[in-house]
Structures are given as C-alpha cells and as structure tokens.
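I opened the model today to look up its contacts, its cores and its sheet. My notes follow in the order in which I checked things.

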Amino acid sequence: MPTMGAQAEEYQTLHMNEVLSSEAEKSTTLTDEEAQPNLEEVEKIIGYSFNNKVLLKEAFTHSSFVSTECSASSYERLEYVGDAVLNLLFSREQYNLYPGLPPGRLTRLRAANVDTEKLARVAIKHGLHRYLRHKKPLLEEQIREFTRAISHYPLHSNGLVDAPKNLADIVESTIGAVFMDCNSIDTVWEAFKDLLEPIINPGTIKTHPVTQLYEICQKNNLKLRFVDLWEESQTVEVFINNEIVGRGTYGLRKEVAHNRAAKDALDNIWKVLGEEKENAQDQDQEANCQSEELPEMKNLNI
C-alpha cells in the first residue's frame, strides 16, 4: 500500500498534468471573443494603420478556426494575394539593384527570400505568430521546435530545418491584407522592407546541399546515390562510389531527411576524395561561390 507521502506526490503530479494540459488546450482552442487579435499591436509591428480592420482580422484567421468558432473568412485568399505581391516586389527590387544578374540567378535569389523558412523566420522575429487564431494543437510545439532549430542557422538553413508553413502563410496574408487595403505595392514595400530583413543577397546566398553535392560529385567523376529508407526508419542514406558517406534522419518530412543526408555527406566527402579535410572544404566553398562580385542588397524605395 502506498504511503501518504507517495499518495500526495501522485496527486500533485496528476494535478500538475491536468493544469498543463488545460493551458495547452487553452492556447489553441479560444472562443471567437477571446481570440480577437489585438489589431493595434499588429499595426504597430508592421507600421501600417488599416482603413478596413476586417482585412487584418482575416489575415490572422486559420481555416481550422473558421470552421468551428466564427463566421469570418480564413487567411487563404489574402495569402494568395500576398504571395503574388511579394514576388512582384522582390522581382522589381532585384531587377533595379542587379542590372547584370541573369534571370536564372535573379529567380534563385528571389526564391531564397520568399520561401517558407525565410518568411517563417520573419513571423517569429516580429512575434506575428502570437496573433494567429487557430485550432491546431500541434502547431505550438512546432513553433517552439522551429525557433530552437533556427538558432543554429542565423540566416537560412537551406532545407535542414522544417519550417511550419502557417508561419509563412500569415506573413503573406498580412502583405495581401495591406495591399488590398491600400492598393499600392509601394506602400506595401514601405511597410515590410524592414520586417523582411535580413534580406539574402548574392554575397550571402548559399547553394542547397543537394545541389552542392551533385556538383562536387560531377566535377570529381564520383558515383552518387541516395538510398530512401524513410518509410522504415525516417532515414535517407548517401553512397558515393558505393561507400556510405552520409545519413539524415527526420520523421515528419522526408525532404528534410534527404537534405540532412546531403549535408552530412558534404561534411564527410573528403574521405572519398582521399584529400585532406581542408581541401575538400575548399571545394565546398568553391561550389558556393558566385561567378561575379555584386553589391550587397539594400532596401530601396521602389
């Protein structure tokens, strides 16, 4: 028979678990009245005052919340608008700033600045995720894990971190809301150009690890092979000349495991090349280098 002390400890543990469970549920199952985003706080963050406040409310309403708690529209239509506006803004910005950059490299540079991870970082940096109304119980932990993971990659992980898409969505939906409210891409750029910093430029953009690995293997006539074991063990392995040189594991998305395997192979490829580790790392850096020197990307009033 358990002692009184043991019973008291067990009761406290159960009570604490109930409290934590209640708090976690509360953070993701708010009523419509409780979960009204503080529009004034959001407006201060983005430096723009809305004429139509409904647009801003819609920009922070996930579809999971719409179906259960309120009659408002979700952010999906505004996200669609914001995606188009953001791509246009970066296209015009980069076209004006880099007159000698060919279309392929302009496209790659734009993609690096508007992809899911980059925009998710913007949401975290400025706390926009705190205003998202949703009923997705796992999202809070995904956000915490993403925040921890990006601390190891100051600018971009190049596919090594799994970014919650909802974070990027609300950045695009907010951009879409501002555009629909003011009908001016210049006003949108003025509001968001600082929020989007640090902007990736030709001097800071990195080659994706999978691309980099293929380039090095091709240059050195090495046989590269990825082995997909994700269904069995959430793992992808990399073989070069039939020798395993890399392994990546991630349970939620195979793409991240694939990218991590490529990065691991890059870290170990010197073993296959039969060279000193420093020489192999020089090849990695060479694969990352751009063929021409270009100025740093700055904020322009376009």
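I counted a contact when heavy atoms lie within 4.5 Å. The model is predicted, so I noted local features only at pLDDT of at least 70 and side-chain atom pairs only at pLDDT 80 or more, while totals for chains, interfaces and linings use all residues. Residues are numbered from 1 along each chain as its sequence is written, and side-chain values use heavy atoms, with hydrogens and water left out.

Entry 1, one residue. I looked up Leu196 and left aside its neighbours within four places in sequence; Leu196 is in contact with Leu86, Phe90, Lys118, Leu119, Val122 and Trp189.

I took a nonpolar core as a set of buried Ala, Val, Leu, Ile, Met, Phe, Trp, Tyr and Cys residues joined through side-chain atoms within 4.5 Å. Buried means under 20% relative accessible area, with a 1.4 Å probe and protein chains only. The largest core has 46 residues, and Phe50, Phe60, Phe146, Val188, Phe192 and Leu196 touch the most other members. Helices here are DSSP runs (H or I, at least four residues), strands likewise (E, at least two), numbered from the N terminus. Elements that give two or more residues to this core include helix H5 (76–97), helix H7 (116–125) and helix H10 (185–192). Helix H9 gives the largest share, 8 residues. Another core, of 22 residues, lies apart from this one, and I found Leu213, Phe226, Val238 and Tyr250 among its members.

Which residues of H6 are buried? I listed Leu106, Leu109, Ala112, Asn113 and Val114. Their cover includes H5, H7 and H9.

I found an open sheet of 3 strands in the order E1-E2-E3, with antiparallel pairing; two strands pair if DSSP finds at least two bridges between them. Strand E1 (224–229) and strand E3 (243–249) are the edges, each pairing on one side only. Strand E2 (residues 235–240) pairs with E3 over 6 bridges, and Thr235 has Thr249 of E3 as its bridge partner. Helix H13 (residues 254–273) packs on the sheet and touches E1, E2 and E3, with its direction at about 145 degrees to that of E3. For such angles, axes are lines fitted to C-alpha atoms, for helices over the stretch in contact, and values run from 0 to 180 degrees between N-to-C directions.

I noted 14 helices and 3 strands in the protein chain. Of its 302 residues, 44% count as buried.

Terms used: Buried means under 20% relative accessible area, exposed over 50%, partly exposed in between (1.4 Å probe, protein chains only).
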